[in-house]
Structures are given as C-alpha cells and as structure tokens.
Amino acid sequence: MSLASLFRRNRHRDAAMRLYESIVEQAREPVFFTDFGVPDTFDGRFELVALHGFLVLNRLKALGPQTAELAQELFDVMFTDFDRSLREMGVGDLGVGRHIKTMAQGFYGRVGAYETGLLAADAAPLAEALRRNLYGTVSPEESHIDAMVAYLRRCAATVAAQPAAGLRAGKVFFGAPPGMP
C-alpha cells in the first residue's frame, strides 16, 4: 500500500455516510419504541440499525459488482459508528474490539435470518428472526411482531425498487414506519 493511498478519499465514503444517516434516521423513529415494543436500549437501537442496514446492504448486494465497494464502505461506516458508540458508553480500548467482533458476527447471522425470512412464502421464519433479534431481550406482543413483519416486507420491496444510481448517490427511502401513513 502506498502512502498516497492512505490519504486518498474513498470515492464511496460520502454516499455511504448519507446512506448510513438515512438508516439511523429511520431506525430512530420513536414509533418503533413507543408503539411496537422495541426496547429503547443500546441493544434495541443496534437491532433497528442492523435491520435497516440489512435492507440497504441486501439491495446493494443484489445489484452485484457495481455496488460492492459502496456496500463495503457502508458496512465500515456502520461499524465505525458502533465502535464510537461503545467508546462513548465507556467500553475500554481492549473491550471494544471484542464487542465489535461479536456485533459483526451477530449482524451476519441476522443478515442470513432476514434473507431467509424475506424469501419464505409464509411469515413464520421472518417473525421468528425478529422475535429472536429485534425483540431478543423482551417478550413482544404478537401484534408487534405481525406489524414488524409487514413493515420489513414493505421496506424490502421499497428499497429493492430503488434505482442503483440513487443508492450510489447516497439516497435511500424506506417508507413510513409501521402504523404511520
């Protein structure tokens, strides 16, 4: 690696930052916590960011090689922010790496579960993935699970329909959170 490459700006960085900002903005919608029982904790917030991050990364993956670098940059931006959040919470330097590794492994598990759930004809696999992950620290009402399954399917279709050019420019739209017009 040359010295110049260390200082060269990644051409996907700005788009990845904008995508991540949209992911976090959607994940922070109060309705998830107030009306749909997602715990308003570090874990609950991580789960919502992971869920929305999955939707964008899944779309970028479907677009193939033309968006692979952007997908990697988005992943890096997301986990850099998780690292920062852990440090702000007081996790020491030695513990941050271990936590990030665990979070990354968990994220990849969620990706597999959400992909499988979205491909299934019935809602059961997706409902189970949400119950295990999004609601892993609480006992959700079935109506909350049902609403989140419908929301996730709707968002996946919305994100999948967005053109590659918009995503490469850092624009993504998820649609309204559950229960909102």
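**Helix packing and aromatic rings**

Let me start with a contact between two helices: on the H2 side there are Leu19, Tyr20, Ile23, Val24, Gln26 and Ala27, and they meet Leu48, Val49, His52, Gly53 and Val56 of H4. By class, that contact of H2 with H4 has eight nonpolar residues, three polar ones and no charged ones. Keep in mind throughout that this is a predicted model.

Now the geometry of this pair. The axes of H2 and H4 are 9 Å apart, and the packing angle is about 135°. H2 and H4 are therefore oblique to each other. Their crossing is right-handed.

H2 also packs on another helix. The axes of H2, residues 13-27, and H5, residues 68-88, come within 9 Å and cross at roughly 55°. That angle makes H2 oblique to H5. The crossing of H2 and H5 is right-handed.

Which residues make that contact? From H2 they are Arg13, Ala15, Ala16, Met17, Leu19, Tyr20 and Ile23. From H5 they are Leu70, Glu73, Leu74, Val77, Met78, Asp81 and Phe82. Sorted by class, the contact of H2 with H5 holds 11 nonpolar residues, three charged and no polar.

On to the rings. How many aromatic pairs are there? The count comes to nine. A pair of aromatic rings is described by the distance of the centres and the angle of the planes. For phenylalanine 46 and phenylalanine 82, the centres are 5.1 Å apart and the planes are at 65°, an edge-to-face pair. This pair links distant parts of the chain: phenylalanine 46 is in H4, residues 42-62, phenylalanine 82 is in H5, and 36 residues separate them.

Last, one glycine. Glycine 109 lies in H6, residues 93-119. Its relative accessible area is 44%, so glycine 109 is partly exposed, since buried would need under 20% and exposed over 50%. From glycine 109 to tyrosine 20 the separation is 89 residues in sequence and 20 Å in space, C-alpha to C-alpha.

That is what I have; questions are welcome.

Technical notes:
Residues are numbered from 1 along each chain as its sequence is written. This is a predicted model: local features need pLDDT of at least 70, side-chain atom pairs count only at pLDDT 80 or more; totals for chains, interfaces and linings use all residues. Side-chain values use heavy atoms; hydrogens and water are left out. Axes are lines fitted to C-alpha atoms, for helices over the stretch in contact, and angles run from 0 to 180 degrees between N-to-C directions. Helices (H or I, at least four residues) and strands (E, at least two) are DSSP runs, numbered from the N terminus. Angles under 35 degrees count as roughly parallel, over 145 as roughly antiparallel, 65 to 115 as roughly perpendicular and the rest as oblique. A crossing is left-handed if the near helix is turned anticlockwise from the far one by less than a right angle, and right-handed if clockwise. Contact means heavy atoms within 4.5 Å. Ala, Val, Leu, Ile, Met, Phe, Trp, Tyr, Cys and Pro count as nonpolar, Asp, Glu, Lys and Arg as charged, and the others, Gly among them, as polar. Rings of Phe, Tyr and Trp (its six-membered ring) pair if their centres lie within 6.5 Å; planes under 30 degrees apart count as stacked, over 60 as edge-to-face and the rest as tilted. Buried means under 20% relative accessible area, exposed over 50%, partly exposed in between (1.4 Å probe, protein chains only).
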